[in-house]
Amino acid sequence: MRHSFLRASWGVLAAGVLLCAACDFSVTNPGPIEDSQLNTPAAMPGLVNGMSGDLSYALGNFLEDLAVTSGELSHSGNYSVEREYYLGTVTPEDANPDWGDMQRARWVAENGIERMKTVLGDEFNTTPLAIRAYLYAGFANRLLGETSCSAVIDDGPKQSDSVYFQRADSDFTQALQLAQAQGGQDTLASAALAGRASVRAWLGDWTNAAADAQQVPDDFVFNAIFSDNTERENNQVAYETHTRREISVWGTTWATVFGDPRVPWDSVKTSKGAIQTGQDGKTPFFREQKYPDVGAEVPLAKGTEMLLLRAEAALRNNDPTTAMSLINEERATYGLPAESAPDVDSTWTILKYERGAVLWLEGRRFWDLRRWNAEGRDTFLDGRTKCVPISANELAANPNL
Amino acid sequence: MNRAEIRMMRRLVAIALVAFGVPRVVAAQQGTGTISGVITDAASAEPLAGAQVFIASTRQGAMADAQGAYTIADVPAGTVTVRVRMLGYEAIERPITVTAGQETRLDVGLHRTAVTLEAMVVTATGAERTKEIGNSISTLNANEIASASASDPQQILAGRTPGVTVLANSGQPGAGGTIRLRGNNSVSQGNDPIIYIDGVRIFNGHTPTTVGGRQATMPLNDIDPADIDHIEVVKGPAATTLYGTEASGGVIQIFTKHGSDNRPIWSGSIGEGINNMGHVGPSDDPTGLFLNECRGPDLISSDSTRFEDPTCPASGSWLQNGAVQRYSLSVRGGNTTTNYYFSGNYADEAGVIRTGGNKDGGFRGNFSFRPMSGLDFALSSSYTKRKVNWVQDGNNGNGFLLNVSRGPYGNFQGSGCADSTVICVNNAAILTAPSVTNSDHYITGLTVTYNPGEKLNNRLSVGYDYNNALLTTLEPFGFPRADLGQLYWETWNRTLITMDYAGTFKQPFGGSFVSTSSWGGQIFDSRNTASSISASNFSGPGEPTLTSAALRDVTSDVKERVVNAGFFLQQELAWRDRLFVTAGLRVDGNSAFGKSFGLQPYPKLSASYVISDESFWPSSIIETMKLRGAVGESGKAPGAFDAVRTWDPIAAEDGQPAFTPSQLGNPNLGPERTREYEGGFDASALSGRLGVNFTYYKQHTFDALIPMVFPQSQGFLSSQLENVGQIFNNGIELSVDAELVRNPDFDWHARLNYTTINSKAGDLGGQDIVISSVMRTHVTEGYPVPSYFGMKVLNPNAFADPVIDSSAFLGSEYPNKIISPSTSITFLKHFTLDVLGEFQRGGYLLNALGFQNAYKGVWRPCYDVQAKMRAAQAGDASALNDVTALQRMRCTQVSKDHNYDYWVESSDFFRLRNISLTYDLPSHLIGGVRNASLTFAAQNLFTVTDYTGTDPEVNDYRDNSFGRRDYYNFPSYRTFLASLRVTF
């Protein structure tokens, strides 16, 4: 009898083993792509599109915070982090998402360029993808430099924020050289020149900055791409002002500016004719109209900015006449009448306003206020956070900090 | 199945067994008799319906009917041993001589006992007697389940078992709750206990959260309480080791009813009632957050801004009494070879807001087939279809409570108000945006048991759990907040295939010893498929489909499969049937482990000693005493691909294909492990009138999978799981049962369950884990898991400026004490009153509704304070003389002082979970019917709490189930139900 017990057990076990042998134990999770699968020429367009996507994502998400901390918009909603930015306080914890997004945009472009060189070999120098990759690396570095207090590169130590501008200078130069060598890449070449002009100015090299800027057509625009195609591609400022009411023009300098095509906004009324309030139920809601939908693109470089950059270079050379001439050339581009200023100081006042209007809601104002504050030309940031600190996550996880 | 089919089935089985090398066993057909009799309560002489009567060493048996009567046919002639068991009673064995061709009568009176050591419980190795098990296993029997008048298993579990925490999460019909056994021991891998239904493991989580409703259904709740025979709760890793990876959160086993060797017995029930919401929000708010009252002079903000809502119902309240209907019908029966249990059920439950509600219905078929002695086939299948209509809720711009409670500051400004000087809102527009979950849940399992004698047992189970859900949230064309409309659409499919084999071999030796060896293995194949699409901008009105939208965005698409396989070995050594020592080892592999990890071993060791069987024991005082102790490990596996560096495909450059970094990857990733020690005793005294179960447990989770943040400058922003953390839990579980009065006319039984759950995070690799910065939810070394941290007013009750600690521990997000008193009183022979209450203490909850509404000036407790603040601003500093420091921070309307942190409140509460009165109709009133009863029940009749939000049990957004917050979530409602149960 015992023998039959054992036979029975072995029989059941054998059945189990047979069942198990027929099983497929492999894990599947289609969707995510293993890192090694990107090491093929066919993956390079997607890799470069990803650089563009991550740059737009970083810029698009940060625009709202940058706008409220720079006085371009008021906080009128419920988001607590945005309220802190609006109040002029930026903590390492609050910096986590935006620092992360910007660093990813930089890392994806810089790391992607190295991968492209390995995968493409000599073909790297002949593909427009390489020009675009350098441009995205340059603009990602510029975004970091214009917003952050310090530079941290690839898990490295804390460095001067100017490191970002130096890297951007190199990236734009590489892009320009490839564009010129390949030929027929005028748009990308102008973008490289405009980008390099700006970062050279921020590095103090106004002469070469102006020289680059002069080569950019007045009507040139190079955009960060946004789209209503997917949520990730959305322009968040448009979402927060046209779907929600989190940020308002009310309470800013621009709420008293009417009819300037560079600063379009309107007010929203309730059924009773009263001004609609923001999401917080209190703040009057004046809606920006620069980005009327979530697919609205955000300029990274513009010919009109280059005119103002050259104007500032002239002003720094105590040449208000040339500066005003360039400012009025910029204003004419938008169909606005010319202005005049009797001296250097009043030209500075006009220039600061013009940069504010031309670059409104493009994520650039914070840097202008910061550098002018450091030079004693502007007081808006007095008593407020002047730059984004290294994020709490970076501080916690980076062994070199 | 007719006789010819049965013969054919027997032949097929016999052929199969020969193929397995099993000798053919011929059933004894010649010389059989019948045993029949009545099983009663020895004290009251009341019949014991449901008592199990069976012949020892065989599978022959029967279940006592409503009159306690049973019949076992085809019993081999000769002397056999009859065993009688019933939960709550001492088991009895009686020898009896059966004469061929005759009926032998055996009537048995069972004695009640609070501790039943002979009761069988099902473990990973098979059925075992309670006395052999060194762990605490709680069992809820059919009577307790029936007295719960519950709509789902979640309600049954609440308050009835020590060590179990149940939080309702929402007052919307159909919403799933949170269930924890001995608290949280994992930061990243979930803490839901694993669930078995009749030996088939089912998905133990929730469906995805609906976009509009912000809640999710729970597949566990698809089991109809009327179908449940009993529930076993196995709480910690010391007991769940052999269940393998993922079992460290405990195991809940539900056993549904089966057929009996009787002629068909029909049972039906009809329940009718209402759902009713009491006062919502702070007690000094006469409008109940403008929900109880949406018309009248109290519709005013703190700064006297008035509003009207012409869409407010004619009753002047948004709340209604929602009709509840529940129906079930079942039939059970069979013969000595086959038996069956069929059931069907339907429930239609309207919510307290007019568009909300839940409908579910389904059927079950349980079949058993015994082609020959020792061989059993059991097939259990069930199907449930559910439709939940959610009211838009929670942190959602279209949320009903969010907008209604904000009064004049909601998102649905409108027209039609009689008074042109007030703000006009049209919140009924929200109810035109449906949010719906449609789900199908199918469970089937086949269990083959082959016991060719008393020594060897084999059990093979194959199960399939299929969950499918479609979740939609529609903002129709013309909806105020999306003029062109928007549709959120998600399909979700979750399946789990189980193959489970266990064998045991029992061998006496040395006169006093019995060795029981067990072995077995399981394979779990888990598949998750989910796709979600957001579609917007419809061409025009009408019911849209995805193709009606001009813009369509596939927001997620998941197809994931993980396989977990393992085997176990266990050896039990018994001495004189009173001392049992068990050692076991579980070895697991999981396809999500990193490459460096192979098989994972989980050991266990337990002992049980029935010391009351010793001659020295004072049995006259304490008749039963079992000491027990156990140590064991279990674990949880990381998710699929957590070990691998990956990139996500995305769209960029206006719809062009692109990649972005996804996950850093960790090739050394392994499971986290929880080791638990537990010890305790089960005692019965005073002739079974007093029972005490006590357990102390201590858990240590090591190699905890902690989501570690890596430098963002490396490009990968998502956290990466690392085996670095430690979590400690300990506590006690005490259950005291007392039979206060026992006689046929008046019977009074009381129980007190007391649970403590002390949780603490240990070494976390030097990191403070931020679960959600907005929700202030952290896992921090030395504090409960998880806890709130943030700014705290150190002088809350002082009439002074606040003194603020900028980084303080604000409280644990889960309770650390649960006290559940319950009582059952039977009087006048036919009436039974059941009452169950529950205290939960030590927990805290973020009242985000108070935070938001106070700032907007629509939080009634702040009206007076804000008036004084305005006076102070106007120059009267003395106005603040009687305003406390905490009130100053909570009621502030100054942006820089406005902070969530001050709204973390104690969520201590007492809730009367259930009260019911049952009248068993006397037999002279129910001619032709076996028995009938009428029950009047009330769930959640009242709650006592100082928490000022909507409900101390709610939680917004079920996908993030680890941290908790109250963000405009509907509170639990009361249910009044009258039900008639009939058996015939």
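Q: In which loop of chain B does Pro786(B) lie?
A: This is a predicted model, in which local features need pLDDT of at least 70, side-chain atom pairs count only at pLDDT 80 or more, and totals for chains, interfaces and linings use all residues. Residues are numbered from 1 along each chain as its sequence is written, while chains are lettered from A and ligands numbered from 1 in the order in which they are written. Helices (H or I, at least four residues) and strands (E, at least two) are DSSP runs, numbered from the N terminus. Pro786(B) is joined to Val785(B) by a cis peptide bond with omega of about -10 degrees, and its place in chain B is the loop between β41 (777-779) and β42 (787-793).

Q: Is Asn169(B) buried or exposed?
A: Asn169(B) is found in the loop between β12 (164-167) and β13 (178-181) of chain B, where its phi is near 75 degrees, a positive value in a residue other than glycine. A residue is called buried if 20 or more other C-beta atoms, placed from the backbone, lie within 10 Å of its own, exposed if 12 or fewer do, and partly exposed in between. Because 26 other C-beta atoms lie within 10 Å, Asn169(B) is buried.

Q: Is Arg576(B) buried or exposed?
A: Arg576(B) has a positive phi near 55 degrees, although the residue is not glycine, and lies in the loop between β29 and β30 (579-590) of chain B. Since there are 12 C-beta neighbours inside 10 Å, Arg576(B) counts as exposed.

Q: Which residues does Asn753(B) touch, not counting residues up to four places away in sequence?
A: Asn753(B) lies in strand β38 (residues 746-756) of chain B and counts as buried because it has 24 C-beta neighbours inside 10 Å. Contact is taken here to mean that the C-beta atoms of two residues, placed from the backbone, lie within 7 Å. On that criterion, the residues touched by Asn753(B) are Thr161(B), Pro162(B), Ser735(B) and Ser820(B).

Q: Which element gives the most to the side of chain B that touches chain A?
A: In the pairing of the two chains, 74 residues of chain B are in contact with 70 residues of chain A. Elements that give two or more residues to this side of chain B include β26 (456-475), β27 (486-509), β28 (513-538) and α6 (848-856). With 11 residues, the element that gives the most is β29(B).

Q: In β33(B), which residue is the bridge partner of Glu34(A)?
A: Strand β1 (residues 33-34) of chain A and β33(B) run antiparallel and are joined by 2 bridges, and two strands pair if DSSP finds at least two bridges between them. In β33(B), the bridge partner of Glu34(A) is Thr646(B).
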